[in-house]
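New notebook page. I want to learn how the parts of this structure touch one another, starting with the chain contacts.

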Amino acid sequence: MTPADLAFFVLAAVLLASALGVVFTRNPVHAVLLLVLTFFNAAGVFILLGAEFLAMLLIIVYVGAVMVLFLFVVMMLRVDPAKMRAQGRAALPLGLLVAGVLMAEMAAVALSFAALPGAASPAFALPEGVTDARALGRVLYTDFVYPFQVAGLILLIAMVGAIALTQRARPDIKRQSVADQTARRPGDAMEIVKVTPRTGA
Amino acid sequence: MDAVVEFFAWLWAFWPLRVVVWTLVVTIGVLLAVAYLTYAERKVMSAMQRRQGPMTVGPFGLLQPVADGVKLFAKEMVIPAQADKTLFLLAPMGLFVLALAAWAAIPFDKGWVLANLNVGVLYVLAISSMAVYGVVIAGWASGSRYAFLGGLRSAAQMVSYEVSMGLIIVCVVLCTGSLNLTEIVEAPRPAWMQLLLFPMLVVFLISILAETNRAPFDLPEGESEITGGFMVEYGSMAFALFFLAEYANMILMSAMTTTLFLGGWLPPFGIGALAVVPGIFWFVAKTAAILFFFIWARASLPRFRYDQLMRLGWKVFLPFTLVWVVVTAGAVLAFGGGV
Amino acid sequence: MADPALLATYLPVLILLLIAGGMAVWMIGFSLVLAPHRPDPAKTSAYECGFPAFEGTRGRFDVRFYLVTLLFILFDLEIAFLFPWAVALRDIGAFGFWSMAVFLAVLTIGFAYEWARGALEWE
């Protein structure tokens, strides 16, 4: 067993243990942090496979961004364990159904991939002396330009959706307008009045 | 396969030992630098405010950081009753580990780098993007209003400025064509490139102030409103870990600026004659200059308001850096040619 | 498994993580063991201005924090797409440049929409 194999088994074991922890822990914040640990170990496995760039992206995008949102959502929950258990039991049949459908779908996808011709060999071998980020950049924006543009459209939809879900107009709040502030001249706010003695303004 | 086994046998024989020694040297070096950065900060700020600063402990107060450390070590660690005790202690430890971990990829001199990663820039970016957790978890685990608010604010601030930092790094990568920090330092930089990168250097300097929660963007710990933010419940060594992490991050970000924009260990202004001085000297000098900027900003500028901070990040820096990415790419294609 | 020489560049990262983690545990551990530890109810209560807290501490907060993180995820993904492009731009030339220009233009529409709807405003 090479040190790399040993590293793989350690990473895989911690990955599985923390993934199980996500499911079984009672505290939702702990669950999110265990999921972060899961991603961290997955990034380690990516590195063992030589996919350094993807490993770093996994951490930057999933750990650095997506899980922060999860954490925000979960931190706001005020969980009452007894109530949650009762609700969980009521939703059990529906949950099992959804989980079953998802499992079946994932199995179908995995099996159909395995049946594809040439699935056993890697799709692209890295050219000698080229990093994986560079190899990815060479094909992603030229050979795969349509999927790439579709990804851009999906991001656009996500942006619009995010605003539609969370944005609300707040007319009751004063906002600072820098342009108005700097455009303001002494003449707009005050006038100089010559007051003659004993007559008042 | 035999060759691989032999290679690893050779590796285990002595290479990891060397790595451990060098890692310890870097770790201790960073921690010493942190200790004396706190001293330098107090001395520089006091000079700017016509005071003497620490003078009592040791000659010119030079032993002040040691005294501070011993005092923090001897203090009682108060763990609030309503805190999540595990996370309360894990948060400062996590932040401390992250602040040290990023140093693995920083090249101090030609070939003086712990881990010469192909994706060095992304490694540092990934590590610094994880620092958000330390802050949010500290705020949440304390179980105090001020801490919670401070943690949230800090998280929103850090992610906002990470966007512009990412885009600036893309500009640098466009010019150098590599994600490896050593190659980024060594890549040739003609005059047009330096001209293009200069505005990015300015934006990067301001962004790292916000990313490390330093004045004038120190809202997460704004004493006047939220009394110390996410750190309010911390004392003793747990507080010391936060403190060490914050200052180690300051030095790290200065070192990153040096590496990305100022040519790392290379002599300044491309003067070849200055190369007789060892590269590590130039690296430290450039990093120290940027640290001086950190302290200078703290001594001179009043704190931002939160809406101003968010506006600067999202409405000024983000569009500007985004446009600049396209401009830089166009220039690289026009002048750079196919390399 | 990947090339051992590539994996070897990550060994220092692992060692640094272990050393830093060990130091953190050591510092907290010694402080817990050696420093005095005499908690009392007043000392361990949440910090307030001298009175007990009125309500629970992990309450609701402004929806804007979600919006900021949501937008951050989207822009982070955009940056993720920019990195391989920046590395390989010299290889893929003008076509790659315009390919990214269209991608960025689409996202700029989204950005303009956010701006117009006031989503970037903090109040």
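**Chain B against chain C**

I'm working from a predicted model, so what follows is read off a prediction. I looked up the contact between chains B and C first: 71 residues of chain B take part, along with 54 residues of chain C.

Which elements of chain B supply at least two residues each to the side that touches chain C? I noted α1, α2 (64–74), α3 (85–101), α4, α5, α9 (236–261) and α11 (306–336). The largest share of that side comes from α5(B), with 13 residues. I also sorted that side of chain B by class and got 51 nonpolar, 13 polar and seven charged residues.

**Chain B against chain A**

Next I turned to where chain B meets chain A. Here 19 residues of chain B are in contact with 17 residues of chain A. On chain B's side, α1 (2–48), α4 (120–142) and α5 (145–176) each bring at least two residues.

Which helix of chain B gives the most to the side that touches chain A? I found α4(B), with ten residues. By class, the side of chain B that touches chain A splits into 16 nonpolar residues, two polar and one charged.

I jotted down that α1, α4 and α5 of chain B turn up in my list for chain A, and that α1, α4 and α5 of chain B are also in my list for chain C.

**Inside chain B: two domains**

Then I checked how chain B is divided. Domain 1 covers 1–74, and domain 2 covers 81–336. I looked up the spacing too: the C-alpha centres of these two domains of chain B lie 19 Å apart.

**Inside chain B: a helix pair**

**Chain A on its own**

Last, I went back to chain A. I counted nine helices and zero strands there, and read along the sequence the pattern is α-α-α-α-α-α-α-α-α.

Chain A also comes with two domains, domain 1 at 1–78 and domain 2 at 132–164. The centres of these domains of chain A, taken over C-alpha atoms, are separated by 24 Å.

What share of chain A counts as buried? My entry says 22% of its 201 residues. I also looked at contacts in chain A between residues at least 6 apart in sequence: 46% of them join residues at least 24 apart.

Note on methods. Residues are numbered from 1 along each chain as its sequence is written. Chains are lettered from A and ligands numbered from 1 in the order in which they are written. This is a predicted model: local features need pLDDT of at least 70, side-chain atom pairs count only at pLDDT 80 or more; totals for chains, interfaces and linings use all residues. Two residues are in contact if their C-beta atoms, placed from the backbone, lie within 7 Å. Helices (H or I, at least four residues) and strands (E, at least two) are DSSP runs, numbered from the N terminus. Ala, Val, Leu, Ile, Met, Phe, Trp, Tyr, Cys and Pro count as nonpolar, Asp, Glu, Lys and Arg as charged, and the others, Gly among them, as polar. Domain bounds come from an automatic or database domain assignment. A residue is buried if 20 or more other C-beta atoms lie within 10 Å of its own, exposed if 12 or fewer, and partly exposed in between; C-beta atoms are placed from the backbone.
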